[in-house]
Amino acid sequence: MNDRAVLHDIIEASAAGCPLCQRRDAAERRFVKSFAYELVNDPGMRVHLRGSLGFCRIHAEEFAAQVGAPLAVSLIHSDLCGHVVERLETNHPIRAMRPCPACEIGGQRERHDLELLGGSAVPNLCATHPAPVPKRGLPTGPSVAGALPVGSLAHAVRTDRQEVKLQGRAYSAMRRRLEAVVHHYDYRFRDDPFDDFGATWQALALFSGTHPDRRPSP
Ligand SMILES: [Zn+2]
Ligand SMILES: [Zn+2]
């Protein structure tokens, strides 16, 4: 879309409320939707997700509702579990260095739209733009399948070497369960008996604070 077409789009959207909010939300939704199909094996996206330790809760819920989500969530989170184990073993802090990738996409859209508007008056624009991209808040709480949510890990392992070992084991076990889910989705093994689909939603809960007992819905 060229700049004129985008401007036209912004003016048109303003009839139904703040156009920047609408366009930001739509960009985030598009990103999450395409994620399960196109970006799940993208190396750059894997690096981003390691930096952000996954998605924020809102976007994790949207991600979980997509058609290809069980496999995509399992792939992403088996990588993330491995990353956590690595950090525990090498004594690196468990913290998010980047925002959720979907939140970041929304922020980029917002900044780009604002630049394009260049101060021209548009109806219904809220005063909060440009809003900062939300910081990635890591979930805390009770353990899930023996593993503490990533937001509780840092504190728990800071002084307790025994806890480092326990959590390392719990995240390794979660990783193996997720690999088993991925294996099940391989058409060659599709008919093998398998019933541990719950691992997928437990892992998502550890990184994004969603409900651990069922597939989340937005
Ligand atoms: Zn707005
Ligand atoms: Zn997000």
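Me: Why is Asp79 called partly exposed?

Reply: Asp79 has 16 other C-beta atoms within 10 Å. The rule: 20 or more other C-beta atoms within 10 Å of a residue's own make it buried, 12 or fewer exposed, and anything in between partly exposed, with C-beta atoms placed from the backbone. The value 16 lies in between, so Asp79 is partly exposed. This is a predicted model, in which local features need pLDDT of at least 70 and side-chain atom pairs count only at pLDDT 80 or more, while totals for chains, interfaces and linings use all residues. Residues are numbered from 1 along each chain as its sequence is written, and chains are lettered from A and ligands numbered from 1 in the order in which they are written.

Me: What makes the stretch that holds Asp79 a helix?

Reply: Asp79 lies in helix H5, which spans 69-89. A helix is a DSSP run of H or I with at least four residues, a strand a run of E with at least two, and both are numbered from the N terminus. By that count the chain has 9 helices and 0 strands. Its elements run α-α-α-α-α-α-α-α-α from the N terminus. The C-alpha atoms of Asp79 and Val150 are separated by 14 Å, though the two are 71 residues apart along the chain.

Me: How do you know that Leu53 is buried?

Reply: Leu53 has 25 other C-beta atoms within 10 Å. That passes the cut-off for buried, so the label holds. Leu53 is in the loop between helix H3 (43-52) and helix H4 (57-64). Its phi is near 55°, a positive value in a residue other than glycine. Most residues other than glycine have a negative phi.

Me: What about Asn91: buried or exposed?

Reply: Exposed, because Asn91 has 8 C-beta neighbours inside 10 Å. Asn91 belongs to the loop between H5 and H6. Its phi, near 65°, is positive too.

Me: Where is the cis peptide bond?

Reply: It joins His129 and Pro130, with omega about 0°. Most peptide bonds are trans. Pro130 lies in the loop between helix H6 (101-117) and helix H7 (150-158).

Me: What makes H4 largely enclosed by the rest of the structure?

Reply: 6 of the 8 residues of H4 are buried, so the helix is largely enclosed. They are His59, Ala60, Glu61, Glu62, Phe63 and Ala64. The buried residues of H4 pack against H2, H5, H6 and H9.

Me: Which residues does Leu49 contact, neighbours within four places in sequence aside?

Reply: Gly54, Ile76, Leu80 and Pro101. Two residues are in contact if their C-beta atoms, placed from the backbone, lie within 7 Å. Leu49 lies in helix H3. With 24 C-beta neighbours inside 10 Å, Leu49 counts as buried. The C-alpha atoms of Leu49 and His77 are 9.4 Å apart, at 28 residues along the chain.

Me: What makes a set of residues a nonpolar core?

Reply: The members must be buried Ala, Val, Leu, Ile, Met, Phe, Trp, Tyr or Cys, joined through C-beta atoms within 7 Å. The largest such core has 44 residues, and Phe63, Ala72, Val150, Met174, Ala203 and Leu204 touch the most other members. H5 gives the largest share, 9 residues. Ala72 touches Phe35, Ala36 and Val40, not counting residues up to four places away in sequence.

Me: Where is the kink in H2 centred?

Reply: On Lys33, with a kink of about 35°. The bend at a residue is the angle between axes fitted to the seven residues ending there and the seven starting there. Buried residues of H2 include Phe31, Val32, Phe35 and Ala36. The buried residues of H2 pack against helix H1 (3-13), H4, H5 and H6.

Me: Why is H8 called oblique to H9?

Reply: The axes come within 9 Å and cross at roughly 135°. Axes are lines fitted to C-alpha atoms, for helices over the stretch in contact, and angles run from 0 to 180 degrees between N-to-C directions. Under 35 degrees counts as roughly parallel, over 145 as roughly antiparallel, 65 to 115 as roughly perpendicular and the rest as oblique. Roughly 135° falls in the rest, so H8 is oblique to H9. Met174, Arg177, Leu178 and Val181 of H8 make the contact with Ala199, Thr200 and Ala203 of H9.
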